Amino acid sequence: MRVSQLLIPTLREVPAEAEVVSHQLLVRAGFIRKTAAGVYTYLPLALRVLKKIEKIVREEMARQGGQEILMPIIQPAELWQESSRWDVYGPELFRLKDRHGRDFCLGPTHEEIITALVRGEVSSYKQLPLLLFQIQNKYRDERRPRFGLMRGREFIMKDLYSFDMDEEGLHTSYQKMYEAYSRVYDRCGLKYRVVEADSGAIGGSDTHEFMVLAASGEATVVYCSSSNCDYAANVERANALYDQESSREEPESKREVYTPSQTTIKDVAVFLGEGREKTIKTLIYKTEDGLVAALVRGDREVNEVKLYNTLGCLQLELADAATIQDVTGAQVGYAGPVGLDMRIVADPEVNNMVNAIAGANKTGYHLVNVNPGRDFKVDTLTDIRMVQAGEPCPRCGSALDEAQGIEVGQIFKLGDKYSRALGAVYLDDKGQEQYIIMGCYGIGVTRTMAASVEQNHDQQGIIWPASIAPFQVVVIPVSTKDEAQVKMAEEIYNKLLQAGVEALIDDRPERAGVKFKDADLVGYPLRITVGSKGVKSGQAEVTERQTGETVMVPQQDIIYKVCDMLEKDV
Ligand code: ATP
Ligand code: MG
């Protein structure tokens with residue numbers, strides 16, 4: 001293809017609303033354009049990358065026996081009512097009515113549709129196991145669509161669903177997908193980590209997330225620093241290890257101290273000359289079942305996912321200032337557990353504290369020598385805190401390390417959750433009716449493209465791994481006015497095409513500097529530059545985008561050199 005004929009609208013300016021690098025670069029390099037918040041048009045280069053990721057995904061799903069189907073985007077409300085998710089899913093579900101006033105939604109995921117399909121088509125154990133997948137647009141009215149393709153409201157997902165006779169079968173399907181996902185991200189050339197993830201209030205089920213490591217990732221993962229241990233988890237899920245021993249300090253009498261304008265844990269600790277670990281952090285949350293106080297040690301953070309799972313509620317949000325004032329009788333910053341009339345959930349570390357500092361529920365005051373059990377009662381004592389780097393690994397005790405990641409895929413054991421709700425059964429070999437055991441497995445195709453950019457870029461632009469690059473090589477004649485250069489460039493370009501290399505020629509009558517800048521911005525893995533000196537000596541420059549290294553290569557060797565660099569058979 002010729003750059004002069006392709007729609008690659010590159011920009012020199014960084015788009016104002018783009019906060020993360022992948023969003024900035026994908027817009028600047030002419031891959032995507034915004035149509036509405038969280039809704040994008042994929043231009044030719046982006047579509048080529050997406051098709052390549054999809055091809056890898058298709059091959060790896062097929063390798064494990066996955067069969068591709070295509071389900072409707074428009075889904076009837078009745079199925080969502082059967083699974084009870086019509087109400088649970090909330091405002092994230094795009095809902096619509098047809099001309100007869102019947103309710104529908106745009107599919108955010110397809111458990112309902114596929115379970116209904118399988119309920120109708122599978123009746124015997126002889127038809128199982130079954131792995132069905134599709135690659136399609138998904139719709140989620142995200143609260144904060146942002147970061148370009150990273151969190152869209154319309155995005156492309158591969159979703160596979162497994163159907164097995166029993167837990168053992170599910171385990172096998174799950175392992176197959178684990179392997180398939182690992183191969184997909186390996187082949188996409190991405191550095192990633194597989195982590196244990198939160199399986200929500202249902203509990204018990206296995207689930208793993210595939211995280212592309214990048215500083216801008218929204219997720220924090222912790223992993224064991226020991227080379228003998230492969231523990232890794234989303235921090236939302238990572239369990240804390242607890243010391244059984246409490247301090248040997250003798251409890252003293254509780255007393256009130258004047259702490260004017262000391263409304264943060266840090267300020268109070270400094271003011272009273274103590275460490276933050278001597279204070280109790282009290283956060284008040286609103287749920288549909290009333291207010292709840294969550295207590296953690298002052299140097300810890302509340303893990304809202306753990307809290308949410310503990311409470312089993314549908315809504316959980318921090319109470320507003322007016323509510324806090326109302327229930328504690330004090331301004332924000334002085335809440336504490338003593339005398340607080342609401343359900344109290346505390347982290348086990350809090351229970352081990354002796355002579356702690358806590359808010360006095362009185363503006364300008366804190367209590368010292370607060371002792372759990374004696375001074376307040378805890379209703380629920382359970383792990384509700386965020387694990388931090390440096391803490392012991394729950395598996396082997398070595399120190400945990402921390403990294404940021406982008407969730408590009410997740411695999412999940414569903415069990416009989418949907419087959420039970422929708423009545424998807426089969427007859428086993430004894431003629432007994434059993435629920436089909438399911439798993440679901442998603443890959444964010446568009447998010448994977450963005451994650452690749454987050455992980456692989458520099459000041460000049462994107463650096464595509466060769467396997468998913470929109471084109472592998474761009475051939476640039478330095479001057480399109482010099483016939484000899486154009487001729488040599490065209491010859492090289494045609495030879496590359498004949499060798500099956502995805503090559504582009506930048507035949508635009510632009511200055512060389514403009515073409516080089518664009519090539520770096522778009523991120524083709526290799527650039528071949530034909531200049532006046534090279535023409536004289538019969539050589540061209542081959543530059544690797546990743547390293548910036550340039551070598552002069554005789555024209556007749558270029559195909560070999562390029563195929564070698566791309567690790568491609570000639
Ligand atoms: P998140 O926690 O980031 O909202 P999720 O856990 O809700 O994602 P899943 O239901 O597991 O997402 O969807 C499978 C995959 O689809 C995710 O791993 C991610 O790669 C992708 N994905 C989910 N939501 C979005 C979105 N809003 N925009 C782009 N990709 C998404
Ligand atoms: Mg997920």
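Trainee: Before I ask about distances, where do the domain bounds come from?
Mentor: Domain bounds come from an automatic or database domain assignment. Keep in mind that this is a predicted model.

Trainee: Got it. Which domains is the chain divided into?
Mentor: Domain 1 takes in 46-218 + 401-454, domain 2 covers 255-381, and domain 3 is 471-565.

Trainee: And how far apart are the C-alpha centres of domain 2 and domain 3?
Mentor: Those two centres lie 64 Å apart.

Trainee: Switching to helices: how do the axes of α2 and α6 meet?
Mentor: The axes of α2 (residues 44-63) and α6 (residues 167-187) come within 9 Å, crossing at roughly 150°. Because of that angle, α2 is roughly antiparallel to α6.

Trainee: Is that crossing left-handed or right-handed, and which residues make the contact?
Mentor: The crossing of α2 and α6 is right-handed. On the α2 side, the contact residues are Ile56, Val57, Glu59, Glu60, Met61 and Arg63. From α6 come Met177, Ala180, Tyr181, Arg183, Val184 and Arg187.

Trainee: Nice. Now α8: which of its residues are buried?
Mentor: In α8, residues 304-311, the buried ones are Val305, Lys306, Leu307 and Leu311.

Trainee: What do they pack against?
Mentor: The buried residues of α8 pack against four strands, namely β14 (280-287), β15 (290-297), β16 (316-318) and β17 (343-346).

Trainee: What goes on at the start of α8, and what follows the helix?
Mentor: At the start, a side-chain oxygen of asparagine 303 comes to within 3.0 Å of the backbone nitrogen of valine 305. After α8 comes glycine 312, with a positive phi near 60°.

Key. Residues numbered from 1 in each chain as written. Chains lettered and ligands numbered in written order. Predicted model: local features only at pLDDT ≥ 70, side-chain atom pairs only at ≥ 80, totals over all residues. Heavy atoms only, no water. Buried < 20%, exposed > 50% of the residue type's maximum accessible area, 1.4 Å probe, protein only. Helix = DSSP H or I, 4+ residues; strand = E, 2+ residues; numbered from the N terminus. Contact = heavy atoms within 4.5 Å. Polar contact = N/O pair within 3.5 Å; in protein donor to acceptor, adjacent residues only side chain to side chain. Axes fitted to C-alpha atoms, helices over the stretch in contact; angles between N-to-C directions. Parallel < 35°, antiparallel > 145°, perpendicular 65-115°, else oblique. Left-handed = near helix turned anticlockwise from the far one by under 90°.
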